[in-house]
Amino acid sequence: MAEKPQLVNNSPEDIETDECMSTYTHIYSPDLLIDQVAFITGGGSGIGFRIAEILMRHGCDTVIASRNLEKLTEAAKKLSSTTGRRCLPFTMDVRQPETISAAVDETLKTFGRVDILINNAAGNFLCPATSLSFNAFKTVMEIDTMGTFNTSKVIYDKWFKDHGGSIVNISATLGYRGQALQVHAGSAKAANDAMTRHLAVEWGPSGVRVNTVAPGPISGTEGYRRLGGSLAESVGAFRSIPLQRAGNKTEMAHAVLFLASRAASYVTGAILVADGGAWLTSANDVERLLGIISSRSAKL
Ligand SMILES: CC/C=C\C/C=C\C/C=C\C/C=C\C/C=C\C/C=C\C=C\C(=O)SCCNC(=O)CCNC(=O)[C@H](O)C(C)(C)COP(=O)(O)OP(=O)(O)OC[C@H]1O[C@@H](n2cnc3c(N)ncnc32)[C@H](O)[C@@H]1OP(=O)(O)O
Ligand SMILES: NC(=O)C1=CN([C@@H]2O[C@H](COP(=O)(O)OP(=O)(O)OC[C@H]3O[C@@H](n4cnc5c(N)ncnc54)[C@H](OP(=O)(O)O)[C@@H]3O)[C@@H](O)[C@H]2O)C=CC1
């Protein structure tokens with residue numbers, strides 16, 4: 001078989017672990033975010049952890065905020081020691097505005113500012129609509145959609161309204177065509193794409209940019225595991241993605257960094273699709289995969 005040609009500018013470079021990367025070569029200027037402060041929901045694991053790492057490698061201090069203090073504390077320690085920047089772990093539930101309020105107050109007390117909000121926290125599982133309880137649908141809407149609104153509103157009211165800022169939401173292109181087993185998450189993420197545009201219009205005059213990164217399948221995370229990513233790979237479900245592979249966490253973090261930073265100073269209300277072209281072409285393979293998963297178990 002002929003060897004694959006050396007690819008330029010579209011090869012993944014990542015180490016698929018939640019540990020910080022052992023080596024990192026800057027693509028953007030290392031001081032792109034110097035002395036800024038970012039608040040990252042769900043920053044203790046997966047894509048959120050890597051976003052924290054990449055932002056910190058560009059001079060930013062961070063708050064990572066979610067429900068599990070032990071996980072966050074360990075993550076913050078690793079992030080700080082690798083990057084030399086400060087990272088504070090705060091517990092909050094994006095469904096409870098008073099917990100967000102307390103975390104943002106602490107952030108402002110410690111850092112005196114917040115420049116960037118990354119709405120990355122989410123909950124998801126595969127489940128057919130007929131087995132999905134009303135409460136299960138509501139739970140995912142509350143975490144993904146209400147959680148994004150709650151956190152944005154608290155930070156806007158407490159800081160962005162008077163100082164400006166940059167919000168980056170994390171969406172997903174996996175639901176753009178409509179998919180079985182995903183009515184809850186697909187609905188929630190679609191609402192978030194609309195929220196991005198509405199808030200961009202309403203908050204633009206205060207100097208707040210609101211954008212979204214929409215990933216396709218991103219390996220090495222809990223989300224990937226829950227949605228059957230490894231099985232998808234093993235049955236060749238990604239072969240119809242134009243770039244013929246899943247993405248990685250660093251690739252998502254680089255897309256987020258662009259939108260969060262002054263490199264995107266005239267960009268607002270944008271949905272940056274970062275999915276290797278997946279949603280354009282992969283409907284049949286995903287349907288086939290979901291058929292295999294459905295036949296194995298109704299509750300995953
Ligand atoms: C990755 C791609 C790989 C391959 C691609 C190939 C195929 C893809 C296939 C389909 C994709 C198509 C479209 C997708 C569209 C958009 C989304 C895309 C990606 C999104 C990814 C992610 O969001 S990843 C994030 C994953 N991480 C987490 O979920 C961690 C956090 N999760 C949680 O905390 C819980 O799981 C939770 C969400 C349930 C919330 O916990 P909690 O508040 O404690 O709630 P509970 O009390 O436990 O439960 C509430 C109700 O929900 C019911 N429930 C819980 N789990 C399930 C389940 N597995 N199945 C069905 N129902 C469930 C629970 O029973 C409760 O309901 P009751 O009625 O019983 O009260
Ligand atoms: N991996 C993938 O293939 C894809 C992922 N995405 C999106 O990327 C983002 C990250 O997902 P991924 O890294 O895969 O999965 P993870 O499960 O690692 O990330 C989800 C994070 O959200 C936090 N979280 C969940 N519920 C709450 C809550 N109620 N309040 C506060 N924090 C919460 C979790 O922390 P804790 O449980 O400790 O609170 C966790 O850190 C999500 O928005 C997801 O929808 C989109 C498309 C595909």
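Mentor: Before we begin, a helix here is a DSSP run of H or I with at least four residues, and helices are numbered from the N terminus. Keep in mind as well that this is a predicted model.

Trainee: With that in hand, which helices each supply at least two residues of the shell around ligand 1?

Mentor: Five helices do so, namely α4, α5, α6 (222–226), α7 (229–234) and α10 (283–296). Among these, α4 gives the most to the shell around ligand 1, contributing five residues. There are 34 residues around ligand 1, of which G123, N124, S133, G175 and G223 come nearest, and by class the shell has 18 nonpolar, 12 polar and four charged residues.

Trainee: Which residues come nearest to ligand 2, and how does its shell divide into nonpolar, polar and charged?

Mentor: The residues that come nearest, of the 31 around ligand 2, are G42, G46, R67, T221 and G223. The shell around ligand 2 divides into 12 nonpolar, 14 polar and five charged residues, while α1 (46–56), α4 and α6 each supply at least two of its residues.

Trainee: Since α4 has come up, how should I read its packing against α5?

Mentor: In general, two packed helices are described by the angle between their axes and the distance between the axes. In this model the axes of α4 (residues 134–163) and α5 (residues 183–203) come within 9 Å and cross at roughly 20°. Angles under 35 degrees count as roughly parallel, and α4 and α5 are therefore roughly parallel to each other. The crossing in which α4 passes α5 is right-handed.

Trainee: Which residues in α4 and α5 meet?

Mentor: On the α4 side they include F137, V140, M141, D144 and Y156, and on the α5 side they include H184, K189, M195, L199 and W203. By class, the contact of α4 with α5 has 12 nonpolar, six polar and two charged residues.

Terms used
Residues numbered from 1 in each chain as written. Chains lettered and ligands numbered in written order. Predicted model: local features only at pLDDT ≥ 70, side-chain atom pairs only at ≥ 80, totals over all residues. Axes fitted to C-alpha atoms, helices over the stretch in contact; angles between N-to-C directions. Parallel < 35°, antiparallel > 145°, perpendicular 65-115°, else oblique. Left-handed = near helix turned anticlockwise from the far one by under 90°. Contact = placed C-beta atoms within 7 Å. Nonpolar A, V, L, I, M, F, W, Y, C, P; charged D, E, K, R; others polar. Near = placed C-beta within 6 Å.
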